[in-house]
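Welcome! Here is a friendly tour of one protein, with a look at how its parts meet and how some of its side chains pair up.

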Amino acid sequence: MVISDWPVTERPREKLLQLGPKALSDAELLAIFLRTGVSGCDAVTLARQLLNHFGSLRRLMGASQHEFCQAKGLGEAKFVQLQAVLELSKRYMQQQLQRETVFTEPALVKKFLSHTIGHEQREVFLLLYLDNQHRLIASEPLFMGTIDASPVYPRIVVQRALAHNAAAVILAHNHPSGVAEPSRADRAITERLTQAMALVDIKILDHFVVGDAEVVSFAERGWL
C-alpha cells in the first residue's frame, strides 16, 4: 500500500500539519525529506531502512558524500538537499543567537551546537566568541581530531579570541560516541584554557559537550 492510501492521520505530511513536527518519528520526518520511496518500498519504510543502515539519524546526517550516495534510495541530489537544509538550520540559529544575550536562550545555544557539531563523526572543538553584552560575534571550529580525540592548543584559542575582539567565549566539543558525559581530559583542558584566557582578561562562560541526545553544560554543573 502506498502512503497516499494510508489513513490521513497516519500520513507523515498530514500528521505534521495537524500535530506539528515534534509529533513525528525520525523515520516519518526523514520520509518527508525523501518524498518518495523506491520500487516495492514506500518512503517511510525506506526511511526506517536507512536509519537502521546508518545506525542513527545523527550518523546519517553526518555521513560523507560517498557513504550517503552508496545507500539505497539516496544519491547526489539528496545529499545536496540535506547539506542545504543543515546549513540553513545552522545559519538561522546563529542569526537568532546574534540578536540575543546567549544566557537568555540556553536552549537555543544547545540546539545550535547540536546542529553544528552533533552529527560530526570526528571530534570537533568549537568556539563561540561573544561581545561584552554576551551576544554572539561569531562561531568557529578550531580543532578537529580522530574519532574520539581532538588536540586543543591554548595559545591558538587565545589568539583567535583576541582576533575576534571577544570579551568572553563559550567552548564546545562533540563526543562522536554519542555519550555527552565529560571526561577527565575535558575538565583538565577547560581548566588550562580558563587560566590562559584569564591572562588576557577574557572569560570562559561555559563549556558544552555535545552527544546524541544530550548537551552537557559545565556551568550548569558548577564546574565554571
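## Before we start

This is a predicted model, in which local features need pLDDT of at least 70 and side-chain atom pairs count only at pLDDT 80 or more, while totals for chains, interfaces and linings use all residues. Residues are numbered from 1 along each chain as its sequence is written, and side-chain values use heavy atoms, with hydrogens and water left out.

## Two domains

The domain assignment gives domain 1 (3-96) and domain 2 (106-221); such bounds come from an automatic or database assignment. Taken over C-alpha atoms, the centres of domain 1 and domain 2 are 29 Å apart.

Where do the domains touch? Contact means heavy atoms within 4.5 Å, and 9 residues of domain 1 are in contact with 15 residues of domain 2. Between them the two domains bury about 1200 Å², with 57% of it on carbon and sulfur atoms. Buried area here is the accessible area (1.4 Å probe) that two parts lose on being put together, summed over both.

On the side of domain 1 that touches domain 2, the elements giving two or more residues are α4 (57-61) and α6 (76-99). Helix α6 gives the most, with 5 residues. Helices (H or I, at least four residues) and strands (E, at least two) are DSSP runs, numbered from the N terminus.

## Salt bridges

Side chains of opposite charge can pair when their charged atoms come close. A salt bridge is a side-chain nitrogen of Lys or Arg within 4 Å of a carboxyl oxygen of Asp or Glu. The structure holds 8 salt bridges, and the count between domain 1 and domain 2 is 1. Arg58 and Asp212 form a salt bridge, their closest N and O atoms being 2.0 Å apart. This pair links distant parts of the chain, 154 residues apart: Arg58 is in helix α4, and Asp212 is in the loop between β4 (203-210) and β5 (215-217). Arg58 is buried at 11% relative accessible area, whereas Asp212 is partly exposed at 43%. Buried means under 20% relative accessible area, exposed over 50%, and partly exposed in between (1.4 Å probe, protein chains only).

Arg91 and Glu87 meet in another salt bridge, at 2.9 Å from N to O. Both lie in helix α6, 4 residues apart, which is about one turn of the helix. Arg160 and Glu140 also pair, at 3.1 Å. Arg160 lies in helix α8 (residues 154-163) and Glu140 in strand β2 (residues 136-144), so this pair ties together parts 20 residues apart in sequence.

## A buried serine

Which strand holds Ser217? Ser217 lies in strand β5 and is buried, with a relative accessible area of 2%. The side chain of Ser217 reaches the backbone nitrogen of Glu220 at 3.0 Å, and a polar atom of that side chain lies 3.3 Å from the backbone nitrogen of Ala219. Leaving aside neighbours within four places in sequence, Ser217 is in contact with Asp206, His207 and Phe208.

Terms used
Polar contact = N/O pair within 3.5 Å; in protein donor to acceptor, adjacent residues only side chain to side chain.
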